[in-house]
Amino acid sequence: MSFFWLSISSVILVVLLISRRSTLFKPSQLSLPPGPTGHWFYGVKNMLPRKEPWKVYASWSRGYNSPIISFRIYNRTIIVLNDAKSVSDLLEHRASLYSDRPNQYMSQTICGRSKTVFNISSQDPHHRIYRRLVQQGLGPKRTKLYSPILQEELTKLLENLEQSPKGFVQHVRRNFVGVVMKVAYGYNIDDLNDTFVSVAEETMKITDKTMANGSWLVDYYPIARYIPSFLPGGEFKRLGKVWRERLRYLSDVPHQWVKQQMASGSYTESFTSEFLSQEGGVIDEEKEDIIRWCAGGLYVGASDTTVSAVTSFILLMALHPEIQARARTEIDEICGQDQLPRASQVELLTYLQAVLKEVLRFAPVGNLALPHRVIEEDEYNGYRIPKNATVMGNVWAILYDSSLYPEPDIFSPERFIGTEKIQPDPRQWAFGFGRRACPGTHFAETSILLVMAGTLSRFEISLPEYTDKRESRDPEISFTTGITSHINLFDVCITPRIMPSRR
């Protein structure tokens with residue numbers, strides 16, 4: 001190692017230590033919400049579990065007898081909201097202060113994702129344009145127009161499930177990626193080997209890694225970006241270069257494909273082609289970037305959350321045959337046995353809608369909401385919320401709050417139907433908060449309900465029959481950890497129903 005680079009690294013280390021010291025001694029009349037202290041330099045970084053951190057945050061909340069807790073990772077204050085009231089008060093009613101995103105240098109700058117729908121600053125004028133375009137592209141009116149696409153992809157899904165039921169997760173992923181690629185780009189996915197099926201999965205894995213709390217020193221001390229890639233601590237640059245190219249593929253390649261198809265005069269109408277064709281086909285670079293990022297947002301946002309929800313649904317139906325049977329009876333009565341359910345019918349399936357609500361409550365697609373950033377110093381319940389603090393809603397803690405949902409560990413769609421007191425609709429917490437709430441929830445829910453209805457109308461879902469009684473116990477429920485989450489996989493049997501032939 002040369003003396004020059006050793007000197008540079010030493011200077012960076014000194015700056016980091018001075019920066020850390022300055023954050024330790026900021027005077028204030030109000031105290032932060034309670035929480036663990038951790039190490040003087042890196043805070044609670046080494047106390048965070050790799051699996052199911054939301055349960056640890058909820059445990060800390062109970063231990064400190066406070067729904068709001070705080071802790072530090074390096075120089076950043078993290079505030080976790082563990083009850084519905086604090087989430088509503090801050091992320092909804094004070095949305096003007098709490099709707100920004102934290103500065104995540106690894107994800108936003110090194111990997112080039114600062115302008116995505118989910119990462120863009122709320123103070124950027126494009127944020128409002130993004131939300132308007134996505135709501136326009138996935139709202140109720142457009143969802144009706146997309147019904148033929150949903151039906152076509154449902155038929156493919158059911159055929160794939162019949163041919164190879166053990167690959168149900170990949171079949172479900174192909175279904176939703178197929179829907180979104182057709183809607184966003186007019187691109188048709190024929191089979192599991194299509195590049196965009198694997199890219200969708202890879203994209204979420206990379207995104208999980210780039211946004212993981214405490215993983216990248218450069219997120220907390222941007223001066224670390226000057227560390228050369230060949231020195232210890234500089235490996236983030238090598239990874240970031242590779243990941244940037246993979247993530248770029250998702251936003252750029254399908255967009256360019258649409259432009260080529262439009263130039264040839266042979267293309268399928270889509271979200272991207274519609275907006276590119278406005279203004280006589282002449283569009284400036286800024287507007288084209290907006291279209292590209294919005295279409296990419298449709299792809300990322302709609303595909304992974306829906307896959308997670310349906311994966312959990314299939315696993316839960318295997319564990320609860322009585323609930324499955326009741327939902328199937330309703331589907332048969334309303335949709336008939338001689339044809340597949342249609343998108344226009346899902347709003348009539350009240351019990352199936354209750355099942356979806358309970359799936360979203362019992363197995364949230366995002367146990368921790370994407371992080372927010374408070375843009376000004378604030379006070380709440382006598383506690384100081386410092387400017388630039390990262391604020392996270394613990395969705396799991398809310399949806400497992402026994403004061404809202406008695407016996408929360410029991411899967412019961414009956415919570416949301418009947419004449420007794422109906423429990424709160426979990427969808428108000430399942431898809432984000434305030435100005436960061438998912439703008440495509442109607443389309444996502446319609447897509448999920450149609451797949452749920454189609455699957456139950458065609459198949460029986462059950463646990464395997466074991467000859468060894470020691471293997472016949474119900475699987476223990478645990479969840480994958482990431483930006484999106486679903487129940488960890490266990491073996492299920494998906495077998496065709498014996499019934500009249502379908503049209």
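Which helices and strands each supply at least two residues of the lining of the largest pocket? Point 2 takes this up.

1. **Basis.** This is a predicted model, in which local features need pLDDT of at least 70, side-chain atom pairs count only at pLDDT 80 or more, and totals for chains, interfaces and linings use all residues. Residues are numbered from 1 along each chain as its sequence is written, and side-chain values use heavy atoms, with hydrogens and water left out. Helices (H or I, at least four residues) and strands (E, at least two) are DSSP runs, numbered from the N terminus.

2. **Pocket.** The suppliers are helix 2 (53-63), strand 2 (76-81), helix 9, helix 10, helix 11 (217-220), helix 14 (285-319) and strand 6 (390-393). Helix 10 gives the most, with 5 residues. The largest pocket holds about 1200 Å³ of space. A pocket is an open set of points on a 1 Å grid where a 1.4 Å probe fits, with protein on both sides within 12 Å along at least five of seven lines; lining residues have an atom within 4 Å of a point. The volume is the space filled by probe spheres set on the points.

3. **Lining.** There are 46 lining residues, and D208, A212, T481, G482 and I483 are the closest to the pocket's centre. By class, the lining has 20 nonpolar, 16 polar and 10 charged residues. Ala, Val, Leu, Ile, Met, Phe, Trp, Tyr, Cys and Pro count as nonpolar, Asp, Glu, Lys and Arg as charged, and the others, Gly among them, as polar.

4. **Helices 9 and 10.** The axes of helix 9 (168-185) and helix 10 (195-210) come within 10 Å and cross at roughly 105 degrees. Axes are lines fitted to C-alpha atoms, for helices over the stretch in contact, and angles run from 0 to 180 degrees between N-to-C directions. Helix 9 is therefore roughly perpendicular (65 to 115 degrees) to helix 10. Q170, R173, R174, V177 and M181 of helix 9 meet F196, V197, A200 and E201 of helix 10. Contact means heavy atoms within 4.5 Å. These residues divide into 5 nonpolar, 1 polar and 3 charged.

5. 4 strands form an open sheet in the order 1-2-6-3, with mixed pairing. Two strands pair if DSSP finds at least two bridges between them. Strand 1 (68-73) and strand 3 (372-373) stand at the edges with a single partner strand each, so one side of each is left without a neighbour in the sheet. Strands 1 and 2 pair in the antiparallel sense over 6 bridges. The bridge partner of I68 is L81 in strand 2.

6. **Across the sheet.** Helix 2 lies across strands 1, 2 and 6, at about 120 degrees to strand 1.

Definitions and conventions:
Angles under 35 degrees count as roughly parallel, over 145 as roughly antiparallel, 65 to 115 as roughly perpendicular and the rest as oblique.
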